[in-house]
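I opened this model to look up its overall build, its voids, its ring contacts and one hairpin. My notes follow the structure.

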Amino acid sequence: MSTIKNVTIAGHAGSGKTTLTEAMLNVAGVVERIGNVANGNTVSDFDSEEKKRGVSISSSVLQFNYKGAKLNVIDTPGLFDFALGVNEGLRAADSAIIVVSARSGLSVGAEKAYKSAEKQGISRILVATKMDDERADFYKAFSGLAEKFGSSVCPVVVPIISGGKVAAYYNLLEDKAYAYDGIKKTEVNIDHDDEGHFEEIKEAFNEAVAGTDDELMEKYFEGEELTHDDKIKGFTIGMADGTIVPVFACAGINGTAVDLLLDFIKNAAPAPKDEGDVKADANGPLAAICFKTMADPFIGKLNFFKAVRGKIVQGTTVVNARTGDEERVGKLVNMLGSKQTDIKECETGDICAIAKLNTFKTGDTMCAQGNVVELDRVEIPNATYSMAISADKKGEEEKVATAAYKIIEEDPSITYVNNTETRQTILSGLGEQHLDVCLSKMKEKYKVLATLFQPRVAYRETISKKVEVQGRHKKQSGGHGQFGDVWIEFEPCDSDELVFGERVVGGSVPKNFFPAVEKGLRDAMERGVLAGYPMVGVKATLFDGSYHPVDSSEMAFKTAASLAFKNGIPQAGPALLEPIVTLNAYCNDDAMGDIIGDINKRRGRVLGMNPAAGGLQIIEADIPISGLFGYCTDLRSMTGGRGEYAYEFARYEQAPSDVQEKEVAARAAKVAENNVDE
């Protein structure tokens with residue numbers, strides 16, 4: 001059995017994940033005392049933003065030895081705004097510790113992490129922390145877990161309640177009880193407040209273990225006692241195929257019973273395994289997945305890899321499967337939060353970080369030369385919360401862009417794009433806190449200040465009725481003059497661009513000037529007469545005009561066409577169009593009424609409802625894109641964090657009169673201030 005165990009720690013924010021991680025380090029003898037999140041002195045939350053905010057905002061890799069095993073523990077954020085960290089941890093792990101509070105029970109973050117791990121075929125371990133809290137109720141929390149996740153949930157370490165308090169912890173694997181003074185334990189015999197309930201749990205434990213293997217089942221039915229090795233065997237089988245999800249009670253803040261969890265990880269947690277056709281062969285050609293990138297102006301860029309096959313060796317040349325580029329492997333390190341320890345190679349199943357690779361990004365596969373394969377990438381959450389961003393100081397736009405791209409290197413769930421229509425730069429992420437952290441990093445790490453504000457909507461303009469107008473351009477200033485004269489019919493049509501036609505008779509406008517007329521109209525379509533937005537749905541037909549044999553030119557007819565546009569469009573019933581998107585909102589049944597009501601308030605139209613995986617519902621609706629401002633935060637609030645959404649552009653529709661009036665007034669104000677580039 002491999003001595004390498006890759007474990008990610010996930011769950012809801014505030015459930016005690018980082019504190020549990022710190023307790024593991026303390027029990028393993030890596031640190032002398034357990035760090036405190038509130039004091040900002042944990043090994044895991046080492047980033048300045050994490051210390052300032054008192055929460056994890058990115059995944060943290062902690063590699064250490066425990067009783068002859070190499071443990072790679074990845075602590076992940078619990079806030080939904082930083083969901084990429086959970087995906088990074090799950091991509092590298094072979095088992096996931098899902099943390100719940102014994103005080104408050106199963107939370108949404110834990111539920112989502114459990115389902116994500118299950119979806120990816122990763123073994124799950126449930127840990128009920130905060131047993132030191134006088135309001136903790138392990139058995140209530142356990143009942144909630146069993147109700148949600150079914151009969152696979154199996155207790156392993158449970159509290160012994162005596163006199164209404166936790167007196168000790170019973171390890172069902174060993175059939176022994178331990179009292180704790182901090183992390184020091186003593187074997188004890190203590191009576192339970194509810195001995196009958198405890199015996200039921202022991203019986204459920206033995207049945208679950210025996211049910212994983214025919215040989216164990218036969219032994220159990222014959223009344224033979226299951227040994228410690230039998231139980232470990234059962235859990236090894238059951239965790240690998242998902243039929244057993246062990247549950248542990250502990251108190252991370254003082255490390256109580258955390259050693260029992262570490263022993264279990266060492267003895268029973270799954271070893272690194274094959275990934276599809278890529279076998280976990282120590283002697284095979286290298287195949288490693290980059291599951292995380294850390295970019296820092298002080299320590300440089302680090303790419304974190306899990307070696308799925310073969311080994312990563314310093315000084316060798318490797319291939320990036322995505323780009324085909326070859327690179328030489330430089331410095332290899334093991335990580336303990338921010339602390340680096342140099343190593344020479346990384347064996348199959350192990351994790352390491354590599355400094356100063358140029359082409360590798362999160363999700364890339366590192367391969368041996370001549371044997372290129374592509375492993376499953378890290379799932380990157382879609383950015384759904386967008387704001388416009390601008391530099392606080394004029395001329396520092398390039399600095400903002402450079403800082404943004406550096407941040408995106410380590411957090412590809414952020415996007416930074418220039419919207420050519422609205423002439424704004426848009427920063428997008430997973431929520432308000434996500435973008436706030438991004439701005440703070442720009443300031444602290446890259447010394448550039450920027451401000452976020454609500455982005456403009458990319459409206460369109462159109463017309464609603466047919467008109468015929470003249471455009472006449474005549475100018476004489478000595479020598480050759482300029483003359484162009486056109487009559488154009490404007491009418492509505494179903495098109496995303498100008499539809500140009502002509503029905504000129506008798507040569508009133510020569511054919512060689514038709515392209516100039518069309519060009520003049522197309523240029524004019526770029527800025528509508530209402531609020532300066534591009535125009536769509538216009539058909540223009542040139543049907544008459546006149547010319548001068550000497551003074552007429554392409555430029556003159558182009559100008560005449562633009563004058564016809566300027567004269568005619570205001571008479572053609574101009575209207576503002578707003579972009580409509582099709583929204584798919586995923587929610588729990590309890591929140592459906594609130595969500596439908598909220599969509600209606602945002603001027604949306606519900607189209608239907610359909611069941612989705614995981615007991616959720618999909619509400620499909622058409623909604624103006626302006627109605628999605630702030631929707632990310634509101635949807636989470638209405639669904640208790642369970643809700644998600646995606647959308648795609650559907651079409652343009654005529655905006656209500658109040659929206660049109662507001663945009664026209666805003667346009668007029670800008671013109672008055674001479675701030676519009678006409």
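The entries below go from the whole chain to single contacts.

**Ground rules**

I am working on a predicted model, where local features need pLDDT of at least 70, side-chain atom pairs count only at pLDDT 80 or more, and totals for chains, interfaces and linings use all residues. Residues are numbered from 1 along each chain as its sequence is written, and side-chain values use heavy atoms, with hydrogens and water left out.

**Whole chain**

I looked up the elements first. The protein chain has 16 helices and 33 strands (DSSP runs numbered from the N terminus: H or I of at least four residues for helices, E of at least two for strands). Along the principal axes, its C-alpha atoms fill a box of roughly 110 × 60 × 45 Å. Of the 678 residues, 53% are buried (under 20% relative accessible area; exposed is over 50%, partly exposed in between; 1.4 Å probe, protein chains only).

**Pocket**

I then searched for open space on a 1 Å grid over the protein atoms alone. A pocket is an open set of points with protein on both sides within 12 Å along at least five of seven lines; a cavity is a set where a 1.4 Å probe fits but cannot get out; lining residues have an atom within 4 Å of a point. Points are joined across faces, edges and corners, and a volume is the space filled by probe spheres set on them.

The largest pocket has a volume of about 1400 Å³. It is lined by 42 residues, and those closest to its centre are Lys112, Ser116, Glu379, Arg642 and Glu644. Strand E1 (4–11), helices H3 (83–92), H4 (108–119) and H15 (631–639), and strand E33 (644–654) each give two or more residues. H4 gives the largest share, eight residues. By class I get 19 nonpolar, twelve polar and eleven charged residues (nonpolar: Ala, Val, Leu, Ile, Met, Phe, Trp, Tyr, Cys and Pro; charged: Asp, Glu, Lys and Arg; polar: the others, Gly among them).

**Cavity**

How many cavities of 30 Å³ or more are there? The count is one. The largest cavity holds about 30 Å³ of space. Its lining is Val37, Gly40, Asn41, Thr42, Asp45, Glu50, Lys51 and Gly54. That divides into one nonpolar, four polar and three charged residues.

**Rings**

I count 19 aromatic pairs (rings of Phe, Tyr and the six-membered ring of Trp, centres within 6.5 Å; planes under 30 degrees apart are stacked, over 60 edge-to-face, the rest tilted). Phe138 and Tyr139 are edge-to-face, because their centres lie 5.2 Å apart with the planes at 85°. Phe138 is buried, because its relative accessibility is 3%. Tyr139, at 18%, is therefore buried too.

Tyr459 and Tyr533 also pair edge-to-face, at 5.4 Å centre to centre and 70° between the planes. This pair links distant parts of the chain, 74 residues apart. Tyr459 is in the loop between strands E24 (450–453) and E25 (460–462), and Tyr533 in the loop between helix H12 (514–525) and strand E29 (538–546). Both are buried.

Ring pairs also link Phe205, Phe235, Phe248 and Phe264 into a cluster.

**Charges over rings**

Lys185 lies over the face of Tyr178, 4.3 Å from the ring centre. The charged end of Lys292 sits over Phe304, 5.9 Å from its ring centre.

**Hairpin**

Strands E16 (residues 332–336) and E17 (residues 339–343) run antiparallel, joined by five bridges (strands pair if DSSP finds at least two bridges). Asn334 stands opposite Thr341 in E17. Two residues lie between the strands, and Gly337 takes a positive phi near 70°.

How values were computed: Lys NZ or Arg CZ within 6 Å of the ring centre and 35° of its normal.
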